[in-house]
Amino acid sequence: MKKNNQIYNFAKKIINYPRSLSGRGTRETLKEVKKIIPNLKIKSFKSGKKVFDWKIPLEWEVKNAYIITPDGKKICNYENNKLHLVGYSAPIKKILTKEKIIKKLYSLPNLKTAIPYITSYYKKDWGFCISHQKKEKLKEGNYQVIINSKFKKGVVNYGELFIKGRTEKEILFSTYICHPQMANNEISGISVLTFLAKWIKSKRRKFSYRIIFIPETIGSIAYIQKNLKRLKKNLIAGLVITCVGDAKDFSY
């Protein structure tokens with residue numbers, strides 16, 4: 001039970017970090033992982049680097065983002081829930097009518113109280129996510145929209161740990177680190193893999209293990225391009241650890 005409590009407390013600590021493909025929240029998350037597994041190496045890919053037919057994006061940072069309703073209430077506040085802001089939203093300061101703002105609000109009609117997760121990584125855009133219940137209650141009038149974000153040349157960070165075994169043949173475990181404030185579909189993978197890596201290190205091993213904490217899609221593509229020769233030579237199995245925080249059956 002002690003180990004389970006450790007995993008839960010770790011998950012609780014990192015859930016609110018503002019993770020995305022890049023930026024402060026991702027780095028903070030990796031630093032917390034490194035406290036548990038000190039041999040973790042925090043690495044990076046530079047913005048603008050070409051990887052196959054993709055390109056490493058600019059670094060994205062958000063200071064604040066919210067909407068002020070016609071009656072002066074602040075809604076879709078990024079400070080309260082990182083899911084409220086569409087990932088990689090461009091900066092904006094505008095006053096829009098209800099008719100226009102509604103086109104930039106994403107909700108889930110079939111899950112009325114849930115805030116969806118939406119991104120616009122590779123197309124300059126902006127938007128907010130809101131529960132369908134609250135969206136339906138919006139009044140006529142003017143809405144003030146504020147997104148204080150910026151893009152800059154920087155890096156996309158990832159974490160890598162190599163645990164040597166008696167043979168060079170490798171088993172790869174990876175999880176993604178780019179979803180903000182999502183428990184099962186993000187934090188569960190990071191938390192379980194962190195403590196799984198610690199456990200593997202404590203055991204005698206036939207195979208070598210490579211543990212990767214990386215942003216989804218672009219991170220994996222960049223990692224494969226950089227390490228393709230070694231992966232082809234040594235990799236015998238690979239698993240992505242995700243959605244392991246609920247009571248459902250495991251699948252692979």
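Let us begin with a way of sorting residues: Ala, Val, Leu, Ile, Met, Phe, Trp, Tyr, Cys and Pro count as nonpolar, Asp, Glu, Lys and Arg as charged, and the others, Gly among them, as polar. By that scheme, the lining of the second largest cavity divides into seven nonpolar, three polar and two charged residues. This is a predicted model, in which local features need pLDDT of at least 70 and side-chain atom pairs count only at pLDDT 80 or more, while totals for chains, interfaces and linings use all residues. Residues are numbered from 1 along each chain as its sequence is written, and side-chain values use heavy atoms, with hydrogens and water left out.

**The overall build**

The protein's secondary structure comes to six helices and 13 strands; these are DSSP runs numbered from the N terminus, with helices (H or I) of at least four residues and strands (E) of at least two. The C-alpha trace spans about 70 × 45 × 30 Å along its principal axes. Of the 252 residues, 48% count as buried, where buried means under 20% relative accessible area, exposed over 50%, and partly exposed in between (1.4 Å probe, protein chains only). Among contacts with a separation of 6 or more, 76% are between residues 24 or more positions apart; a contact here means heavy atoms within 4.5 Å.

I15 is placed in the loop between helix 1 (2-14) and helix 2, and it counts as partly exposed because its relative accessible area is 21%. Its C-alpha atom is separated by 7.4 Å from that of P180, 165 residues apart along the chain. Leaving aside neighbours within four places in sequence, I15 is in contact with Q181, A183 and I187.

**Pockets and cavities**

Rolling a probe the size of a water molecule over the atoms shows where empty space is left. On a 1 Å grid over the protein atoms alone, a cavity is a set of points where a 1.4 Å probe fits but cannot get out, and a pocket is an open set with protein on both sides within 12 Å along at least five of seven lines; lining residues have an atom within 4 Å of a point. Grid points are joined across faces, edges and corners, and a volume is the space filled by probe spheres set on the points. There are two cavities of 30 Å³ or more.

| Space | Volume |
|---|---|
| Largest pocket | about 490 Å³ |
| Second largest pocket | about 240 Å³ |
| Largest cavity | about 80 Å³ |
| Second largest cavity | about 60 Å³ |

Around the largest cavity, the lining includes P18, S20, W60 and Y78. Strand 4 gives the most to this lining, with three residues. The second largest cavity has S20, W60, Y78 and Y121 among its lining residues.

**Aromatic rings**

The structure holds ten aromatic pairs. Rings of Phe, Tyr and Trp (its six-membered ring) pair if their centres lie within 6.5 Å; planes under 30 degrees apart count as stacked, over 60 as edge-to-face and the rest as tilted. The F45 and Y158 rings are stacked because their planes are at 15 degrees, with centres 4.7 Å apart. This pair joins strand 1 (residues 41-46) to strand 10 (residues 155-163), with F45 and Y158 113 residues apart. Both F45 and Y158 are buried.

F173 and Y209 are also a stacked pair, at 6.1 Å centre to centre and 10 degrees between the planes. F173 belongs to strand 11 (residues 170-176) and Y209 to strand 12 (residues 208-214). F173 is buried at 11% relative accessibility, and Y209 is buried at 18%.

Elsewhere, W54, W60, Y88, Y121, Y122 and F151 form one aromatic cluster.
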